[in-house]
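Please read the points below with the model in view.

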Amino acid sequence: SNAHSISLYTHLRKCTHLKPDNFTYAFAIASASTLSDEKVGILLHQHAVVDGYGSDLFVGTAVVDFYLKNWRIDLARKVFDKMPVRDTVSWNSMISGLVRNCCFDDAVWVFERMLKDGGIPLDSTTVAAILPALAELQELTLGMEVQCLAIKLGFHSYVHVLTGFISLYSKCGDIEAAKLLFGEIRRPDLVSYNAMISGYTSNGESGCSVRLFKQLLGSGEKVNSSTIVGLIPVFHPFGYLSLTDCIHGFCVKSGILSQPSVSTALTTVYSRLNEIKSARLLFDESLEKTPASWNAMISGYTQNGLTEAAISLFQEMQRSKVSPNPVTVTSILSACAQLGALSLGKWVHSLVKSKNFESNIYVSTALIDMYAKCGGISEAREMFDLMVGKNVVTWNAMISGYGLHGQGQDALKLFSEMSHSGVTPNGVTFLSLLYACSHAGLVEEGEKIFQSMIHDYHYKPLPEHYACMVDILGRASQLEKALKFIKEMPVEPGAAEWGALLGACVIHKDKKIAHVASEKLFELDPESVGYYVLLSNLYSVERNYRLAASVRQDVKKRKLAKTPGCTLIEIGETPHVFTSGDQSHPQASAIYAMLEKLITKMKEAGFQTEIDTALHDVEEEEKELMINVHSEKLAIAFGLIATDPGTEIRIFKNLRVCVDCHTATKFISKITERVIVVRDANRFHHFKDGLCSCGDYW
């Protein structure tokens, strides 16, 4: 009863002549670590220092543990580093606390430092504490070295240590080794069963996990919330909706659903299965909503592209006085990045500073990603340079950011720095580099990266990598070479590769190869409306309106729906969303008046409306009117009305910006002497003085 512990401590200080000693402070601070208000623990720490116990071993260990439980990693490190004497327990507290805070690299570093110190003996708790970090980092080789150490020290046969190794091998994909270790335990306890059940589930062997679960029930052992969480197919949910429903039913019958960890895991799975209504219903019915519960639902909305719902729920969490943690912040920053909500992103950044979360590598990486995707590439680089420790995801976020902004050479330069830093690139790194080369027209560099990925790094390309190479060649007008590349692929080309080729054919108006690509696409992915739209646009540009109409008619027959275009602009902290021909905005009259004024000035400067891709069965004048009220033009017109002269305008389009709007924005930037930043579905465009950063290459 921690609240009573604190009140008893207060009574001791105020109502007795006794003086607290080091044990008093150690116990009181340990109690404070479970309270929602961290101020109590900080005050106790201050009392301990004033009373001369700041350097005491027991007090120091309790303080380190307190700060780590409150996500104050920087303060925990300071206290730990200043401790004149450290024993095994204090080292263990630091390692396990860093693991809880997802600072896995730091935990390994502290463990290695403990070994190098030599004077501090390891115990079985030390070994068990470091294993989750190695599992999360997929450091199986290092884990095997720790296993050898455990054998030498005589800890390997301990059930909790063997259980840790079962989890390690399972998370590193070696389920057979995990099975062997499980077999070594004479009498597995519930924790061991839970680890093995979770191991099967995390390796996609849900059938085995269900069988072991039944065996556990048959033995008469009473399962707990950890058993159920391990059984829920969180990591491989696809195809397991029925199993999830069955587990949900079992939880209702057995009363385990009231456990926050269980309802949170089920919320996560339903979200990943796109059963967002079931996830929200479960969340709403949860009696106890922990920070993890809020995080699961916010993350679920973000992963399903429901960014506005994610932000709304985050605001509700704030009103409920639930303190966000680094996981919450990472999820909401991802939502801001998707939506282009820079104002909210900056507010979250200020929250990060106030909570001292900047030392968390995942939070800092999410900030880099948010700034890059909201148009602030210089702010993203500033965050990147300030980071002391960078993992592969951090480097990928910055490389990807440069690619989004068409800064291919900067992406390649950063990759060179990454190589020299000792961080090993992964598939996402190479995909980000190829993407950057594609949007900067760096064909030769892209080909070198692709070959280096295969021969130097021995990475087997995924369909996305092949599609990016097709895109690089196609955008550079090397369509025959792109087609040859597809035909010579060592694996069967899919919709991604043929889709990239069709997109390039539309850009370069190549009907012959477009016909080949579209035939393959309609065979491989007949339900994707985007390919039909691309082909229809190509025929329209060629003024072959009969074939364009035929393609559109096919879309209607199949009852396929094109994603409607919309554009977002933030004024202050308020987002405004426009659709094509939108009349719903309160300032609609002023917006259309501004647009008419702009079009007149643009035409005087030589602008001609691009009407080839508009519907063929309307008059030329009507086509021009349809194009002139596209959502991005309305958003820019509103931006000109709502902001001061000379202010940069930033807009976010959910689809690829059309040729006419791209040309129009160049003219508007020159006429109004404004910098206009546009993020479309492909990349960022920075318009200034009548020019675009993409060089008309997008």
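1. Is Cys 692 buried or exposed, and what is its relative accessible area? In this predicted model, Cys 692 is buried, its relative accessible area being 11%.

2. The search for disulfides, run over the whole structure, returns zero. Cys 692 takes part in no disulfide; its nearest cysteine sulfur belongs to Cys 694 and is 3.4 Å away.

3. Cys 468 is buried, with a relative accessible area of 10%.

4. Helix α29 covers residues 479-487, and its buried residues are Leu 479, Ala 482, Leu 483, Phe 485 and Ile 486. Viewed down the axis of α29, these buried residues fall within an arc of 155 degrees, so they line one face of the helix. They pack against α27 (443-455), α28 (463-475), α30 (495-508) and α31 (511-524). Glu 480 and Lys 487, on the other side of α29, are exposed.

5. The structure contains 20 salt bridges. One of them joins the side chains of Lys 484 and Glu 488, at 3.0 Å from N to O. Lys 484 is partly exposed at 48% relative accessibility, whereas Glu 488 is exposed at 54%.

6. Glu 176 and Lys 179 also form a salt bridge, with their closest N and O atoms 3.2 Å apart. The two residues are three apart in helix α11 (residues 175-184), and are therefore separated by about one helical turn. Both ends are partly exposed: Glu 176 has a relative accessibility of 48%, and Lys 179 has a relative accessible area of 30%.

7. A further salt bridge connects Lys 653 with Glu 632, the closest N and O atoms being 3.0 Å apart. This pair links distant parts of the chain, since Lys 653 belongs to strand β3 (residues 649-653) and Glu 632 to helix α36 (residues 631-642), 21 residues apart. Lys 653 and Glu 632 are both buried.

8. On the surface, Phe 23, Phe 27 and Phe 58 form a nonpolar patch, together having about 340 Å² of accessible area. Phe 58 lies in helix α4 (residues 57-69) and is partly exposed, with a relative accessible area of 42%.

Methods: Residues are numbered from 1 along each chain as its sequence is written. This is a predicted model: local features need pLDDT of at least 70, side-chain atom pairs count only at pLDDT 80 or more; totals for chains, interfaces and linings use all residues. Side-chain values use heavy atoms; hydrogens and water are left out. Buried means under 20% relative accessible area, exposed over 50%, partly exposed in between (1.4 Å probe, protein chains only). Helices (H or I, at least four residues) and strands (E, at least two) are DSSP runs, numbered from the N terminus. The arc is that of the directions from the helix axis to the C-beta atoms. Contact means heavy atoms within 4.5 Å. Patches are made of residues with over 30% relative accessible area and no salt bridge: like charges are joined within 9 Å, nonpolar side chains (Val, Leu, Ile, Met, Phe, Trp, Tyr) within 5 Å. Accessible areas come from the Shrake-Rupley method with a 1.4 Å probe; for residues, only the protein chains shown count as cover. A salt bridge is a side-chain nitrogen of Lys or Arg within 4 Å of a carboxyl oxygen of Asp or Glu. A disulfide is a pair of cysteine sulfur atoms within 2.5 Å.
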